[in-house]
Amino acid sequence: SELVRVQHHPDPVASVLAESGRAAPGLPPVIGVVFDGTGYGTDRTIWGGEVLVATTSSFERAAHLSPVPLPGGDAAIEHPARTALAHLWAAGVEWNERLPSVAAVGDADRTVLLTQFVRSVQTVPTSSMGRLFDAVASLTGLRHRVDFEAQAAIELQAAADPTALGSYSFGPLAESGAVDAGSVVASVAADVLDGVPAGVVSTRFHRAVVNLVVQLADRLRVTQGLQTVAL
């Protein structure tokens, strides 16, 4: 057997290709949708919401969530409420104390966080889809602090109401490859302030993520002639 070194984020794509018998050299690349928590990217930011054009030996970052400041780096993973405030700030949404995330963070901590975001102090940019799931879980009031990995995302998924109607929408794909989640965050906050149940918000959010995957995959199918998606 041969050991092949791959970067952290293409690694799941390479695994899917190997499992499906598409690891041989010379095969065309696939559209790799890699959504996870946080991991070091090739541009010195923290990735986690990427769409790649990839083979087992190479990749191109074709699309990604627009970076938001992750306060305290890895320490933010344990505090979805702080991540929610980061997403609200990045989206230009007021820190209304009626939002569960804002209420869960004390005045003193909010002051520190605002200073961190404005001055880019002790923050690291992240495109993580996992951290966006954390933020939405906190905005709905489901989980502000986690005890184990992916707890907030798991609880957000479990809360989804399959009978709920509607969907949020991500921003369009920019020339840089970035997709802004600000419109989703703003819509979640507005629904929460209007008293929409967490289960409905969860469903609308999950549909937005599904629609984003379909739209980006279809765009790459057209622009690059790719026919296979690795999730």
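Helices (H or I, at least four residues) and strands (E, at least two) are DSSP runs, numbered from the N terminus. This is a predicted model, in which local features need pLDDT of at least 70, side-chain atom pairs count only at pLDDT 80 or more, and totals for chains, interfaces and linings use all residues. Residues are numbered from 1 along each chain as its sequence is written, and side-chain values use heavy atoms, with hydrogens and water left out.

Q: Where is Thr 55 found, and is Thr 55 buried or exposed?
A: Thr 55 is found in the loop between S2 and S3. Buried means under 20% relative accessible area, exposed over 50%, and partly exposed in between (1.4 Å probe, protein chains only). Thr 55 has a relative accessibility of 18%, so this residue counts as buried.

Q: With which residues is Thr 55 in contact, leaving aside its neighbours within four places in sequence?
A: Contact means heavy atoms within 4.5 Å. With those neighbours left aside, the residues in contact with Thr 55 are Leu 17, Leu 27 and Pro 29.

Q: How many salt bridges does a search of the whole structure find?
A: Side chains of opposite charge can pair when their charged atoms come close. A salt bridge is a side-chain nitrogen of Lys or Arg within 4 Å of a carboxyl oxygen of Asp or Glu. Searching the whole structure gives a total of nine.

Q: Which parts does the salt bridge between Glu 50 and Arg 61 tie together?
A: The closest N and O atoms of Glu 50 and Arg 61 are 2.7 Å apart. Glu 50 lies in strand S2 (residues 46–54) and Arg 61 in strand S3 (residues 59–65), so the pair ties together parts that are 11 residues apart in sequence. Glu 50 is buried at 0% relative accessibility, whereas Arg 61 is partly exposed at 22%. The parts tied together are thus in strands S2 and S3.

Q: In which helix do Arg 110 and Asp 107 both lie?
A: Arg 110 forms a salt bridge with Asp 107, their closest N and O atoms being 2.4 Å apart. Arg 110 is buried, at 12% relative accessible area, while Asp 107 is exposed, at 53%. The two residues are three residues apart, about one turn of the helix, and both lie in helix H4 (residues 107–119).

Q: Which helices hold Arg 204 and Asp 191?
A: A salt bridge joins Arg 204 to Asp 191, with the closest N and O atoms 2.8 Å apart. This pair links distant parts of the chain, 13 residues apart. Arg 204 is in helix H8 (residues 198–224) and Asp 191 in helix H7 (residues 182–193).
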